[in-house]
Amino acid sequence: MEKYGRLTAGFVKRQYFPHLLMVLLFVALSGGFVSFRGLEDAQAAKVMEMYVAFTGILLFTPLFMPEQDREIWDLERSKETAMWQLYLPRILLAVLVCILVVSLFMGLMVRGGGSFDVGSLFLGACCEILFLGSIGFFASAVTNQVVVGYMIAVVYYAINIGGGKYLWKFALFQMMKGEYGSWGCWLLGAAVLLVSGVVVRERVRRRGWL
C-alpha cells in the first residue's frame, strides 16, 4: 500500500497537478458563467449537466499521462505489477475529487436558496460526470494520447446537445428534462469503460505494444 501511495503521489506531483489546478480554476470562475440563486429542479440540473460535467473530462482523461513517456512505460512494463494496481489509486483519486466538486456546487446552490431534489441530483450528477469522464479515459487508454481522449469526450458532449435521442439511455442532459432514472446506465457505462481501459493497458503491456 505504501508503494502505491508513493506512485500516486508522484503522479499527482509530476503530471496530475496542472489538471487539478484547471479544475480549481474552473470552479473559481463558475460564478461568472452560472447563477446559484433560487434554482429549481430544471435549472439546478442544467448547472450540473451543462457546466459541472466538464470536470469529469478534466479529471479522468489525463490518468494515463505518465505512460505517454516511453521511458516511464518501459519501466512499468519491466515490473510485475499489474496495471490495475497502478491505475486504481488514480481512478479513486479522480472519483474523490469529482465528488468534492459536485458537493461544492450542490452546497452553493442550496445556499443560494435553491429548491430541488438534492439527493437525486447529487447521485445523477456524480454518475453522469463519471460516465463522461470515462469516455475520455477509455479513448486515452486505446490511443495512448490524452489529447485524443479530450477530443472524443468533448465530441460526445457536443453530440448530446442535438442528437441525444440517438444515444438511448446513455444520452446526457436527461435530468434537465426531469428524468432522473438514467444514473444506473451512466454508472454501468462508466464502470465498463474504466475497466476496459485498464484491461487494454494490461494487454498492451503484456504484448509489448507502444
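A: Begin with burial. A residue is buried under 20% relative accessible area, exposed over 50%, and partly exposed in between (1.4 Å probe, protein chains only). Take Phe17: its relative accessibility is 44%, so Phe17 counts as partly exposed. Phe17 sits in helix H1.

Q: What kind of model is this, and how are residues numbered?

A: This is a predicted model, where local features need pLDDT of at least 70, side-chain atom pairs count only at pLDDT 80 or more, and totals for chains, interfaces and linings use all residues. Residues are numbered from 1 along each chain as its sequence is written, and side-chain values use heavy atoms, with hydrogens and water left out.

Q: How many helices and strands are there in the protein?

A: Learn the rule before the count. Helices (H or I, at least four residues) and strands (E, at least two) are DSSP runs, numbered from the N terminus. Here there are 8 helices and 0 strands. From the N terminus on, the order reads α-α-α-α-α-α-α-α.

Q: What percentage of the residues is buried?

A: Use the cut-off from the start. Of the 210 residues in the protein, 47% are buried.

Q: Which residues make a nonpolar surface patch?

A: Patches are made of residues with over 30% relative accessible area and no salt bridge; like charges are joined within 9 Å, and nonpolar side chains (Val, Leu, Ile, Met, Phe, Trp, Tyr) within 5 Å. A salt bridge is a side-chain nitrogen of Lys or Arg within 4 Å of a carboxyl oxygen of Asp or Glu. In this model, Phe17, Leu21 and Leu24 make a nonpolar patch of about 300 Å².

Q: Now the inside. Which residues touch the most other members of the largest nonpolar core?

A: A nonpolar core is a set of buried Ala, Val, Leu, Ile, Met, Phe, Trp, Tyr and Cys residues joined through side-chain atoms within 4.5 Å. The largest one has 59 residues, and Phe60, Phe105, Met109 and Leu121 touch the most other members. Helices H1 (2-28), H2 (41-52), H3 (54-60), H5 (83-111), H6 (118-143), H7 (146-163) and H8 (183-207) each give two or more residues to this core. H5 gives the largest share, 12 residues.

Q: What does Phe105 contact?

A: Contact means heavy atoms within 4.5 Å. Set aside the neighbours within four places in sequence. Phe105 then contacts Val27, Ser30, Phe36, Val47, Met48, Tyr51 and Val52.

Q: Where is Leu121, and is it buried or exposed?

A: Leu121 is in helix H6. Its relative accessible area is 0%, so Leu121 is buried. Beyond four places in sequence, Leu121 contacts Ala44, Ala45, Met48, Met106, Met109, Phe116, Met175 and Tyr180. Leu121 and Ala44 are 77 residues apart in sequence and 8.1 Å apart in space, C-alpha to C-alpha.

Q: What percentage of contacts join residues at least 24 apart?

A: Look at contacts between residues at least 6 apart in sequence. Of these, 75% join residues at least 24 apart.

Q: What does Ser134 touch?

A: Ser134 lies in helix H6. Its relative accessibility is 0%, so Ser134 counts as buried. Not counting residues up to four places away, Ser134 touches Phe60, Gly189, Ala190, Leu193 and Leu194.

Q: How far does H5 reach from its first C-alpha to its last?

A: The expected span of a helix is 1.5 Å times one less than its number of residues. H5 has 29 residues and reaches 42 Å, close to the 42 Å expected. H7 has 18 residues and reaches 25 Å, close to the 26 Å expected.

Q: Where is Val146, and what does it touch?

A: Val146 lies in helix H7. Its relative accessible area is 6%, so Val146 is buried. Leaving out residues up to four places away, Val146 touches Thr61, Pro62, Met65, Gln68 and Ser140.

Q: Which phi does Asn144 have, and where is Asn144 found?

A: Asn144 is not a glycine, and its phi is positive, near 60 degrees. Asn144 is found in the loop between H6 and H7. At 11% relative accessibility, Asn144 counts as buried.

Conventions
Areas by Shrake-Rupley, 256 points an atom, 1.4 Å probe, with all protein chains shown as cover.
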